[in-house]
Amino acid sequence: MSINLLFLDYETGGLNGRLENGQLGMNYYPIFEVALIVTDSQLNVVGEPLRLVIHQDDEMISRTSEWALNTHTKSGLLDEVRASSLTLQDAEKTVIAHLKTLGIEKYDRKAKTGAILAGSSVTFDRTYMMCQMPELTEYLHYRQLDVSALNLAVRMFKPEVESFVSKQYLHKALDDIQETIDELKVYKEHLFK
């Protein structure tokens, strides 16, 4: 069995719920950035991290929620989005090609090989992936490892462990992913010795 964890984070134009216009956010809002770090099952990093900024035109950027517009303007991400020439489809193909260069093929249920999506509140990222990067969705295991769910369990059942976790919530994809991996390492050390 060779399982890898694909820690992935999207920065997007808004949340994934139902909007006032009746649409779902994960269909309506653009993806601005995708970043990932792959680890083995012991949380050792495999290969190099990958960060991709996806071009969106002004019409797509105008769909962005006020919070996301302010956050991604302050961080400089929207300037990078406007300057990028990478399409959403090319980004999806680049992520899959990156996984293949690391020796990670499409998830095989019988052999239990491939990658499982991991992250913090990763259901959010999964919904965007399902709607806007369906080929990547099919490449991964249908299950996922949500570190924020472990965080909730720690708060309820082992609150003393939470003090070992340090997060800044920068909303920069690679930084957020590294914080999530570091958080999971704390839980591995204190809960799963």
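Mentor: Helices (H or I, at least four residues) and strands (E, at least two) are DSSP runs, numbered from the N terminus. This is a predicted model, in which local features need pLDDT of at least 70 and side-chain atom pairs count only at pLDDT 80 or more, while totals for chains, interfaces and linings use all residues. Residues are numbered from 1 along each chain as its sequence is written, and side-chain values use heavy atoms, leaving out hydrogens and water.

Trainee: Where does V165 lie?

Mentor: Look at helices α9 (159-162) and α10. V165 is in the loop between α9 and α10.

Trainee: Is V165 buried or exposed?

Mentor: Buried means under 20% relative accessible area, exposed over 50%, and partly exposed in between, with a 1.4 Å probe and protein chains only. V165 has 18% relative accessibility, so it counts as buried.

Trainee: Which residues does V165 contact?

Mentor: Contact means heavy atoms within 4.5 Å. With neighbours within four places in sequence set aside, V165 is in contact with E183, V186 and Y187.

Trainee: What does P30 touch?

Mentor: P30 sits in the loop between α1 (25-28) and β2 (31-40). Its relative accessible area is 0%, so P30 is buried. Not counting residues up to four places away in sequence, P30 touches T12, G13, Q56, M60, R63 and T64.

Trainee: How far apart are the C-alpha atoms of P30 and E59?

Mentor: Along the chain, P30 and E59 are 29 residues apart.

Trainee: What share of the 193 residues is buried?

Mentor: Here the burial cut-off is applied to the whole protein. Of its 193 residues, the buried ones make up 46%.

Trainee: What share of the contacts with a separation of 6 or more joins residues 24 or more positions apart?

Mentor: Take the contacts in the protein with a separation of 6 or more. Residues 24 or more positions apart account for 72%.
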